[in-house]
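Biologist: Hi! Could you walk me through this one while I have it open?

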Amino acid sequence: MCVTAPGWGCCGAGAYTWAAPPAPGRDLASVPGASGARQFWRRLRTQRAALVAAGVVALLVLFALAAPLLTAVEGQDPTTYHPSLIDSARGGVPVGSFGGVSGDHWLGVEPQTGRDLFARLVYGARVSLGVALGATVVQVLVGVVVGVAAALGNRWIDQLLSRITDIFVAMPLMIMSLALLAIVPSSFPRPLLVALVIGLIAWGNTAKIVRAQTLTLKGLDYVSAARLSGWNTWRIARRELLPGLAAPVITYAALLVPMNISAEAALSFLGVGVKPPTPSWGQMLTAANVWYQAAPQYLLLPAGALLVTVLALTVLGDGVRTALDPRAASRLRVGTGRKREAKADADSKKAAADASAEKAAADVDSKKAAADASANEEGKA
């Protein structure tokens with residue numbers, strides 16, 4: 001029987017030959033840490049909270065993408081003023097109950113301007129989600145490149161990139177974003193600028209995670225075997241390391257999206273994010289801070305949308321983390337199947353104990369039978 005390391009084959013008579021390891025994606029089961037799509041989906045389906053959160057996120061994305069169609073069905077747009085729907089004698093409060101809710105304005109109108117709230121809410125979802133996803137993509141790209149380069153480079157490159165990463169990690173995101181967004185010309189597209197600023201400042205933690213994971217993967221047998229076979233650094237990183245980095249990077253990216261939504265909302269709330277008339281949830285919260293008593297729906301609608309989005313993305317990110325790494329228990333106790341898992345563990349332990357007891361009883365019976373047989377033979381003798 002030959003026991004070999006990954007990438008090595010046994011020819012018989014104790015001789016070993018080198019065989020190139022399978023390319024990632026062809027045989028995922030042979031690569032340590034790789035998880036197939038079926039296994040991921042099977043684990044994710046056991047987490048009801050994550051599935052509900054995924055449905056909420058999908059619905060929000062659908063609303064954002066279909067914003068022009070939805071506003072066309074309503075017959076409104078996010079920028080048209082309706083001064084006839086505003087009571088100027090009361091300081092610009094919407095006319096009618098519940099902030100002017102009607103068949104023409106499903107969620108009412110904006111105080112002082114009369115712009116349709118539903119149209120601004122769904123178009124604001126496009127901006128907030130788009131900025132968060134764009135910033136996440138920038139963070140992941142920069143973090144993966146810097147982290148892999150630091151882990152695969154020599155000592156000087158590793159030290160240099162690690163110190164640069166520490167500097168970016170220590171940077172206060174809000175203060176640096178305020179400074180950069182304040183000096184950029186207003187002609188630059190604001191949503192794109194906000195996404196770039198958040199992504200280019202907050203990539204440090206991603207780089208640290210990628211560097212640590214890459215250093216771990218470097219010590220595995222199949223990576224060492226690939227290096228001994230003559231593969232260059234770029235090929236090893238592309239064929240062997242990047243597939244192993246997929247799970248932690250996807251997990252962290254899923255948790256970055258709600259953080260970036262909150263950052264965009266905070267920047268827009270401070271007045272340096274998305275500029276009017278482009279709608280944004282954070283911008284709507286900024287304008288609503290003086291209307292929460294006269295028109296509470298103007299504050300509650302964007303705040304509620306922001307809360308639901310961040311909560312759903314956080315729950316989904318935790319579910320993805322648990323599904324990609326089954327050894328890590330979920331931090332959420334609702335709908336994650338912990339009771340079923342605990343019951344299954346208890347049943348398995350009870351079955352093992354019963355089997356051990358039956359085996360012990362069988363051993364005792366066999367010993368007793370052997371003793372009786374021996375005694376009978378001695379009696380006959």
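Biologist: Let's start with a helix pair: in which hand does H6 pass H7 in their crossing?

Modeller: The crossing is right-handed. Keep in mind that this is a predicted model.

Biologist: Thanks! At what angle do H6 and H7 pack, and how far apart are their axes?

Modeller: The angle is about 140°, and the axes are 10 Å apart. H6 is therefore oblique to H7. For orientation, H6 covers residues 173-183 and H7 covers residues 190-201.

Biologist: Which residues meet there?

Modeller: H6 brings Leu173, Met176, Ser177, Leu180 and Leu181. On the H7 side they meet Arg190, Leu193, Val194, Val197, Ile198 and Ile201. By class, that contact has nine nonpolar residues, one polar and one charged.

Biologist: Nice. Switching topic: where does Ser268 lie, and is Ser268 buried or exposed?

Modeller: Ser268 lies in helix H10, which spans residues 233-269. Its relative accessibility is 4%, so Ser268 counts as buried, the cut-off being under 20%.

Biologist: What is Ser268 in contact with, leaving aside neighbours within four places in sequence?

Modeller: Its partners are Gly273, Val274, Ser280, Gly282, Gln283 and Thr286. Take Gln283: it is 15 residues from Ser268 along the chain, and their C-alpha atoms are separated by 5.0 Å.

Biologist: And zooming out, how many helices and strands does the protein chain have?

Modeller: There are 13 helices and four strands. The chain has 381 residues, of which 38% count as buried.

Technical notes:
Residues numbered from 1 in each chain as written. Predicted model: local features only at pLDDT ≥ 70, side-chain atom pairs only at ≥ 80, totals over all residues. Heavy atoms only, no water. Axes fitted to C-alpha atoms, helices over the stretch in contact; angles between N-to-C directions. Helix = DSSP H or I, 4+ residues; strand = E, 2+ residues; numbered from the N terminus. Parallel < 35°, antiparallel > 145°, perpendicular 65-115°, else oblique. Left-handed = near helix turned anticlockwise from the far one by under 90°. Contact = heavy atoms within 4.5 Å. Nonpolar A, V, L, I, M, F, W, Y, C, P; charged D, E, K, R; others polar. Buried < 20%, exposed > 50% of the residue type's maximum accessible area, 1.4 Å probe, protein only.
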